Amino acid sequence: MSERLFFHSSPDRVTVEPIAISDQPVDPPSDRSVEERLDQFLELVRRWNSSYSLVSRGDLSHLVDTHLRDSLDLLPYLEQSEKHLDIGTGGGFPGVPIAVSRPDLYVVLNERSSKKCRFLRQVMYELKLRNVEVCHLDLQPDAEPFDRFDTISIRAVAPKQEAWMIAKPLLKPAGSVLFQTGERLQQKDVPGGRIESSTNATRGWISVVVQDGCAP
């Protein structure tokens, strides 16, 4: 085994983490179906949940209804996206199902828990996800951006206005934030932003927010 280093930097913080990788040749991309990979991901969540606290215990018996469908609801909003960030991905929802379903989309999974990041890297290895990076970083409102993205998903990370202030600096000029909330997002929740749409989804609402001043 050898190691490579995964960096994320800002003016006041650099995260450098060793990732163990095999010295053996990398397997070619798997031709397994999307459905098989999603099933494998859910099984990994069930297997490791007690060690990594990936989802609430009550959700384990119905992950498809509580997390998977909720994640896949975002796919229609990502058709034009080439670079996506999932903030506070936790056990990999919605970021991993998005990455499995869209192998052409570059997906960054952000998580502040080092334990969950270890799990996410194992998921990357077992599912052979070539389009995913794991970012171990505790993102804060109005922080200096480490990168910029076409689309950002965020749910259950912070109060709505704080979540917007975390995501906004990381958007490309024409980018959009996809909020998944139990209650419909209000304009007052996104100062300096504009709600383009709010749609009732599998659970709660999906709201698309762009920076104020961007063309509709």
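Predicted model: local features only at pLDDT ≥ 70, side-chain atom pairs only at ≥ 80, totals over all residues.
1. Seven strands make up an open sheet with mixed pairing, and their order is β5-β4-β3-β6-β7-β9-β8. The edge positions go to β5 (132–136) and β8, and each has a single partner strand, so one side of each is left without a neighbour in the sheet. On average, neighbouring strands here are turned by 20° against each other, if you ignore direction.

2. Now the β8 end of that sheet. Strand β8 (residues 193–200) pairs with strand β9 (residues 205–211) in the antiparallel sense, over seven bridges. If you want a landmark, look at R194, whose bridge partner in β9 is V210. The two strands form a hairpin with four residues between them, and G204 in the turn has a positive phi of about 75°.

3. On its other pairing, β9 runs antiparallel to strand β7 (residues 171–181), and six bridges join the two. Here V177 has V209 of β9 as its bridge partner.

4. Two helices to look at against the strands are α4 and α5. Helix α5 (residues 160–167) packs on the sheet and touches β3 (83–87), β6 (149–154), β7, β8 and β9. The direction of α5 makes about 150° with that of β7. As for α4, this helix lies across β4 (106–111) and β5, and runs at about 170° to β5.

5. Which way does α1 run relative to α4? The axes of helix α1 (residues 34–52) and helix α4 (residues 114–127) come within 11 Å and cross at roughly 150°. That is over the 145 degrees that counts as roughly antiparallel, so α1 is roughly antiparallel to α4. The crossing is right-handed. On the α1 side the contact residues are R37, Q40, F41, L44, V45, W48, S51 and Y52, and they meet K115, K116, R118, F119, V123, E126 and L127 of α4. By class, that contact has eight nonpolar, two polar and five charged residues.

6. Helix α1 also packs with helix α2 (residues 63–72), at an angle of about 130° and with the axes 12 Å apart. The pair α1 and α2 is therefore oblique, and its crossing is right-handed. From α1, L38, L42, V45 and R46 meet L63, V64, L68 and L72 of α2. By class, the contact of α1 with α2 has seven nonpolar residues, no polar ones and one charged.

7. Next, the aromatics. Searching the whole structure turns up four aromatic pairs. One of them is worth a look: the ring centres of F41 and F93 are 5.0 Å apart and the planes sit at 50°, so the pair is tilted. F41 belongs to helix α1 and F93 to the loop between β3 and α3 (95–101), so this pair ties together parts that are 52 residues apart in sequence. Recall that F41 is also among the α1 residues that meet α4.

8. Finally, two backbone details to check on screen. The peptide bond from F93 to P94 is cis, with omega near 0°, and P94 is placed in the loop between β3 and α3. Over in the loop between α4 and β5 you will find K128. Phi of K128 is near 55°, which is a positive value in a residue other than glycine.

How values were computed: Residues numbered from 1 in each chain as written. Heavy atoms only, no water. Axes fitted to C-alpha atoms, helices over the stretch in contact; angles between N-to-C directions. Parallel < 35°, antiparallel > 145°, perpendicular 65-115°, else oblique. Left-handed = near helix turned anticlockwise from the far one by under 90°. Contact = heavy atoms within 4.5 Å. Nonpolar A, V, L, I, M, F, W, Y, C, P; charged D, E, K, R; others polar. Pairing = 2+ DSSP bridges. Phe/Tyr/Trp six-rings, centres within 6.5 Å; stacked < 30°, edge-to-face > 60°.
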